[in-house]
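Please read this report alongside the sequence and the coordinates.

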Amino acid sequence: MTSKSIYDWIDERLGLSELAAFARHKTVPVHSQSFWYYWGGISLFLFLVQCFTGVLLLVYFRPGAEAYESVRQITFVMHFGWLIRSAHAWSASLMIFSILVHMFSVYFMKAYRKPREFGWLSGMALLGIASVFGFSGYLLPMDELSYFATKVGLQIPAAIPWIGPAIANMLRGGPDVSEFTVQRFFALHVVVLPAIFVPLLGFHLWLVQRHGNASPPCVEALPPAERKSMPFLPNFLRKDLAMWLISLNILALLASVFPWSLGKAFDPLAPAPLGIHPEWYFMSPFEMLKLLGMIPWLQGEPGEIAGILLFTLGIALWVLIPFYDKDKESGQRARAAHYFGLLAVFALLATTVIGYWTIR
Amino acid sequence: MTDQSHLVPVLEEPGEKSTRRAFLVAAGAAGLAYTAALAYPIYRYLASPSEMAMEATAVTEVTLKDAQKLPAGSVLMFKFGASPALLIHHADGRWISMTAVCTHLGCTVQYEPQADRIHCACHGGVYNAYTGDNVSGPPPKPLKLFKVAVTDSSVDVSRA
C-alpha cells in the first residue's frame, strides 16, 4: 500500500481532508497588538508541562500521613526529582501569570463581545479552576509553609455567614489541617480538577477555532481592504511554537537556577514562621482582606464578610462584562468598561506591592 | 533596456540551497539536543528505584539478629539485598540458607517442613531443601546457597 492509499483509507473514515482544508483557510489578524495573541498558547503549553511533570511527581508522591516524607524523597533522593518538582511549581506560577496576561489582553481588546461571550466565560472558569489547582497543590508537600497557607486560606470560606464553618470543615476533613486534608486535596488536585478543566479547555479551544481571533475595535473599524492577516499554517503556528520554546527555556532556567525549596515538616504545635505570606497570585486578595480589616468599623468578622462581599461583587462584575459592554461602537459603556479594567489592574498591582512591602 | 524576464523564475540563488540545508541541519541538531536534555533527567528520575536496588544487591552479608533461636524444622524468610531468601533450621539441626527466587519465572518459593522440600506454587517447581538442586517441575537451575554462620546472638548469612 502506498502512503497515499493509507491516507485515503483513514481520510474516508475520519475526514482528515476537511480538517486540513479548515486549517489551510484559518488566518490570524496582523496589527500592532498581535503580540497578545500568543499568551493563550503559552498558557496551554504551560498546562501541558503541568500535566507531564505532574504525572512524573505522581510516580513517587504518597498522599496522607507520608506526604512530606515522599516529597522529601522526591527532592533529595530520586535523581533529578528536585528538578521535576521545581519545574512543576515554577510552571504553575508561570501558567497563572500567562493566563492573567491573556485575560487582561482579551479584556482590553474587548474580545469578549458578541459572538465570543462563551469564550470569555469559559476562560474565567478556567482561571478560577487554575487558582484552585494552585491552592490545592500548594498543600501537597505538607511542609510548614503549605500547612499555614492552607490554614489561612480556608479561613476565607469559613467566614461566610451560617454555612462557612461547615464548608471549611468539609474541605479540611476536620476542624484542622491534617493528613485527611492532604488526602482530599490530592484527590481534588489530580482527579476532580483535571476532569473539569480538560473538557472546559477543549470547549474554550473549540470556540477559538469557531470564531477565530478577535481584532481590537480600532482594527475592526478599518475597511476590510486595510485589515491585514497571516495564515495560521504555517506562519502563525511557527511563531506560536517559537513562543513555546522561549517559555520552555525560561522555565528550565528558573527551575534549575532557583530550585523550589522544601521547608520543615509541618507541626501542628509550632508557631507560624516569620515572613509567611501567600503565593504571589493570592497576595492581592489576601492584602485586600487585611486592609478592609483595618477600617475601624469593619474590624473582625464584619470586615471579613465585607471583604468577601466586595470580592464576589467585583468578580461578578468582571465575569459579566460581555453583557454590559456589548455594543460594537466605543460609546459611554465601552469607556466605563475600559476604566473598570484599569481600576482592576491598578488595585491588583497596588495591593500586591503593599502586600510584599509589609511582609514582616 | 535588456530583457531580464528570464531571471524571474529563478527563485533560489545557488548559495541559498546550501544555507537552507545548513539551517535544517542546525535545527535538527538543536531538536536532538533538546530531546536529550529533557529525556536524560526523566530517565534517571524514573530509574532511581532500580538503581537503588542495584546498590542493595551489592550486599554480601546479612546479620539476622536472634535468628539462632529459630526452632528446628522451621523457616525464616528474610531479604538478602533486594530479593527474598530462606533460612531453614532443619529437624536434624543443620542450618541451610538459599535464595527464595525460583529460577523458572521468579516467584518466591516456600519451604514445606512436612515434605522437607522447597516448592514453588506458581508452576509446581520442586527443589532439594539441603542442596537447592532443582528436583522436578520446570525450574532450569538450582537455587543458590548462602554460607551460614550461627553465633550466640545471631545468624550471619553471606554470599558463598
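## Domains of chain B

The C-alpha centres of domain 1 and domain 2 of chain B are 46 Å apart. These domains cover residues 13-57 and 61-159. The bounds come from an automatic or database domain assignment.

This is a predicted model: local features need pLDDT of at least 70, side-chain atom pairs count only at pLDDT 80 or more, and totals for chains, interfaces and linings use all residues. Residues are numbered from 1 along each chain as its sequence is written, while chains are lettered from A and ligands numbered from 1 in the order in which they are written.

## Overall form

Chain A has 16 helices and two strands. Helices (H or I, at least four residues) and strands (E, at least two) are DSSP runs, numbered from the N terminus. The radius of gyration of chain A is 23 Å, close to the 21 Å of the globule rule for 360 residues, so chain A is as compact as a globular protein of that length. That radius is taken over C-alpha atoms, and the rule is 2.2 Å times the number of residues to the power 0.38. Along the principal axes, the C-alpha trace of chain A spans about 70 × 60 × 35 Å.

Chain B has one helix and 10 strands.

## Burial and contacts

In chain A, 28% of the 360 residues are buried. In chain B, 19% of the 160 residues count as buried. Buried means that 20 or more other C-beta atoms lie within 10 Å of the residue's own, with C-beta atoms placed from the backbone.

Contacts (C-beta atoms, placed from the backbone, within 7 Å) can be sorted by sequence separation. Of those in chain A with a separation of 6 or more, 77% join residues 24 or more positions apart. For chain B, 36% of the contacts between residues at least 6 apart join residues at least 24 apart.

## Nonpolar cores

The largest nonpolar core has 64 residues. Such a core is a set of buried Ala, Val, Leu, Ile, Met, Phe, Trp, Tyr and Cys residues joined through C-beta atoms within 7 Å. Among those with the most contacts inside the largest core are Leu46(A), Met95(A) and Val182(A). Helix 5 of chain A gives the largest share, 14 residues. Domain 1 (30-261) and domain 2 (277-360) of chain A each supply at least three residues.

Beyond its neighbours within four places in sequence, Met95(A) touches Ser43(A), Leu46(A), Phe47(A), Gln50(A) and Ala130(A). A second, separate core has 22 residues, including Phe80(B), Ile88(B), Met98(B) and Cys120(B).

## A sheet in chain B

Four strands of chain B form an open antiparallel sheet in the order 5-6-7-8. Strands pair if DSSP finds at least two bridges between them. Strand 5 (110-112) and strand 8 (134-136) of chain B stand at the edges with a single partner each, so one side of each has no neighbour in the sheet. Neighbouring strands are turned by 40 degrees against each other on average, direction ignored. The axes are lines fitted to C-alpha atoms.

Three bridges join strand 5 of chain B to strand 6 (residues 117-120) of chain B. Here Tyr111(B) stands opposite Ile118(B).

Notes. A residue is buried if 20 or more other C-beta atoms lie within 10 Å of its own, exposed if 12 or fewer, and partly exposed in between; C-beta atoms are placed from the backbone. Two residues are in contact if their C-beta atoms, placed from the backbone, lie within 7 Å. Axes are lines fitted to C-alpha atoms, for helices over the stretch in contact, and angles run from 0 to 180 degrees between N-to-C directions.
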